[in-house]
Each structure stands twice: as structure tokens, then as C-alpha cells.
Amino acid sequence: MAQFPTADEHLAFLVKLQRLLSEGDFAATYKFALLMALADISVERGHDAVRPLDIPMRDIAEKFIDYYWQQSMPYGSSVGSGVGSGVGSDISGVLDSSGILSQNMGATAKVVSDIQAFRSATHTDSIARARQQKAFGGLVTAVAQTVAKQPVTYFQNIAGGRDPFVFERSVSGVQLNPGVSSHLRKFHGLIQHMARDRWVRHIKSNKRNIPILGPKDDLYAFLFETNRNTLGIVSTNLSKLFSKKCFYCGSRINDTPDVDHFIPFSMYGRDIAQNFVLAHGSCNRSKSDVLAAKRHVDNWLEQITRYPDDISQIALDAGVISDQQTILSVAKWSYQQGHEAGAHAWVRKGEFERIGEGYAALGI
Ligand SMILES: [Zn+2]
């Protein structure tokens with residue numbers, strides 16, 4: 001029978017991880033990216049048992065390319081919410097570099113320069129199109145080498161020593177120690193939050209970034225949030241596909257529709273086309289960061305299985321990833337977590353239901 005970590009074991013891991021984040025040597029942002037990658041992969045295809053989990057280096061490299069894709073464009077270029085005006089106006093004439101944020105204290109981070117080289121060689125503007133290019137495999141190989149040489153080698157160094165409590169190297173990548181996949185799934189939201197917070201602080205503390213950042217403070221949005229252009233394209237396309245009907249209440253949207261992350265962005269902060277639904281602003285605000293109730297889950301499962309081609313096309317148009325299998329695993333994980341925590345799911349404004357039996361489609 002499968003064994004699961006105890007509550008004490010979960011907490012002991014979290015305490016160590018916090019220690020690693022506060023005492024570890026973080027000369028570059030790679031280590032935050034590595035932590036986020038291991039946590040995301042654990043949610044997407046890990047397990048809760050006390051067993052090891054093998055993760056190929058190339059899978060970690062693909063995550064790095066995801067995270068650094070937007071970050072390897074000039075800050076304030078077109079992405080992020082309202083980031084646009086910050087750079088050029090305030091410091092034009094002062095800024096002689098490209099507006100690319102420094103991710104480390106030395107030369108340009110190699111992952112960033114590899115992505116930039118790939119983008120200019122292939123004229124690719126989005127991660128979704130990048131993945132379709134033949135040259136993408138070469139980019140993954142290059143990034144995997146950097147990941148193996150740097151963050152994987154140094155991640156578990158704490159205060160002069162080494163404490164391999166998260167993973168060991170394996171032939172093809174890393175192997176998470178028994179129980180670690182479960183810990184990362186349990187604390188995924190918290191871990192993402194800690195890693196992103198440190199990432200933002202790292203970039204802000206780098207003197208070379210000061211002239212690029214200027215006085216505006218939307219760095220977090222630029223680094224980690226869905227950009228406005230993407231949401232606009234998704235909104236237009238979903239409106240066409242669903243005749244401007246609100247996914248949640250079913251009635252027509254007369255003003256500008258919102259695009260909601262069905263599995264809340266606060267739980268899983270990665271854009272996958274299947275996770276977008278069209279909603280009234282009021283329905284969206286009412287649902288907020290809560291999981292949706294069973295009836296919505298059923299509708300959502302029907303929507304993504306019924307319109308796979310349309311959704312793939314929306315993904316390409318908007319430049320986000322299309323991946324039905326992954327978002328289904330993420331949905332199962334998030335509802336399982338909610339179920340275990342005794343959480344309630346949102347039905348409509350002011351109405352909630354307990355996540356429990358009946359969510360069979362999600363394995364509960
Ligand atoms: Zn509505």
C-alpha cells in the first residue's frame with residue numbers, strides 16, 4: 001500500500017525550504033526558477049505517495065523557457081498590465097542597453113541570451129509558436145545544459161554546506177527524494193509565492209536594473225502575470241466561439257467580457273488555453289480566487305472536450321500553451337487539495353457548496 005508523508009514531515013520540509021531560501025546563495029534568479037519548475041511539475045504529473053519522482057532535465061529546461069520567455073523581452077515592451085509607459089518616457093536617453101532586466105549579478109544570464117538568439121533566428125513572437133519550431137529542441141538542449149551546470153548543482157547549498165533534501169542527480173535529470181513530490185504539491189501555492197517574491201526582490205536589488213525599472217512598480221505583473229494583449233485576444237476569440245455568453249451564469253454579456261482562469265491563477269499561475277473561460281465582470285469578481293462548483297466543472301470538462309480544435313487555435317492566436325492533459329491533472333490536484341482542506345466551491349454570487357462526493361469526474 002502507498003505510504004503518504006505525515007503532517008510533521010510536510011512541515012519539516014517547509015521549514016528546510018524556507019531556510020534554503022533565506023540562507024542559500026542566490027547569485028542569479030535560476031534557483032527560484034528551479035524551485036518553481038519542480039513544484040509545477042509535481043502538480044502536473046507528480047504524486048502524493050512517499051516515492052521518488054524522476055524528472056528529466058529537458059522537462060525542467062522547458063519550464064525555464066516558459067518562465068524566462070517574457071522576461072527576456074525588454075521591460076515595458078508590450079507585455080504586462082499597463083507596463084507600457086514606464087520605460088521610454090522616463091529614462092529615454094539614459095538607457096543605452098536593450099531594456100532587458102538583469103537576472104544575475106554577472107554577465108547576461110545564458111538562458112536569457114539563448115532565448116533571445118532563438119527568437120531572433122526564428123522570428124518567433126510567442127512561446128506557443130516557439131514550441132512548433134524545429135529549432136526549439138536545440139534551445140531546450142542548450143537550456144538543459146545550463147540548468148544542469150548551475151541551479152541543479154548549487155540549489156541545495158546552504159551556508160557553506162550541502163543538504164540534498166530535495167533531489168539527487170539522476171542519469172537523465174534529477175530524482176526528487178521520496179515524499180518531496182507530495183510536499184511540493186501540498187505547498188504549491190505558498191512555494192510559488194515565496195519563489196516569486198524572492199525573484200522580484202532579486203531583480204530590484206540589482207543596481208543594473210534601476211535605470212530600466214524606473215519609478216513604476218509593475219515588475220511583478222511583468223514577470224509573472226498574464227499580459228493584457230493575450231487576454232484581449234482570448235476574449236475576442238472566446239466571445240466568437242460562445243456567442244458572448246457567460247460561462248458561469250449562461251446569460252449574454254453586454255459589456256466587455258472578462259477572461260477568467262477556471263482553476264484560479266492564484267493556485268496555478270501558468271496560462272494554458274483550456275483554463276480560460278468567458279465571464280461577466282461581476283461573475284468573475286464574485287468567483288474571485290475560489291474553485292468553481294461541480295456544475296461548472298461539468299460544463300468546463302464538456303467545453304474543453306467538445307472544442308479541442310477551436311481552443312488550440314485560440315492558444316496559437318494568443319501565444320499561450322494548449323495542453324488539455326496537463327490542465328486536467330492540475331484540476332484534479334486543485335480539487336483534491338480543496339476536498340482535503342474542507343474547502344467550499346463557488347456556485348453563484350453568495351452561494352457555495354462543499355467540495356466532496358459528486359466531484360467524481362475529478363477523482364474525488
Ligand atoms: Zn455571468
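In which strand is the place of histidine 261? In this predicted model, histidine 261 belongs to strand E6, which runs over residues 258-261. With a relative accessible area of 11%, histidine 261 counts as buried, because buried means under 20%. Its side chain is joined to that of aspartate 271 by a polar contact of 2.8 Å. Setting aside neighbours within four places in sequence, the residues in contact with histidine 261 are Thr226, Asp271, Asn275, Phe276 and Lys287.

Attention can now turn to helix H3, which covers residues 57-71. Helix H3 is mostly covered, with twelve of its 15 residues buried. Among these buried residues are Met57, Ile60, Ala61, Phe64, Tyr68 and Trp69, and the list also includes Lys63, Asp66, Gln70 and Gln71.

The largest nonpolar core holds 69 residues, and the members that touch the most others are Leu38, Ile60, Phe64, Tyr68 and Trp199. Helix H2 (residues 30-45) supplies the largest share of this core, namely ten residues. Another core, of 43 residues, lies apart from it and includes Cys246, Tyr248, Ala315 and Trp346.

Not counting residues up to four places away in sequence, isoleucine 60 touches Leu34, Ala37, Leu38, Ile41, Ile55, Val147 and Val174. One of these partners, Leu38, is itself named with Ile60 among the core members that touch the most others.

Key: Residues are numbered from 1 along each chain as its sequence is written. This is a predicted model: local features need pLDDT of at least 70, side-chain atom pairs count only at pLDDT 80 or more; totals for chains, interfaces and linings use all residues. Side-chain values use heavy atoms; hydrogens and water are left out. A nonpolar core is a set of buried Ala, Val, Leu, Ile, Met, Phe, Trp, Tyr and Cys residues joined through side-chain atoms within 4.5 Å. Buried means under 20% relative accessible area, exposed over 50%, partly exposed in between (1.4 Å probe, protein chains only). Helices (H or I, at least four residues) and strands (E, at least two) are DSSP runs, numbered from the N terminus. Contact means heavy atoms within 4.5 Å. A polar contact is a pair of N or O atoms within 3.5 Å; within protein, one must be able to donate a hydrogen and the other to accept it, and residues adjacent in sequence count only if both atoms are side-chain atoms. The expected span of a helix is 1.5 Å times one less than its number of residues.
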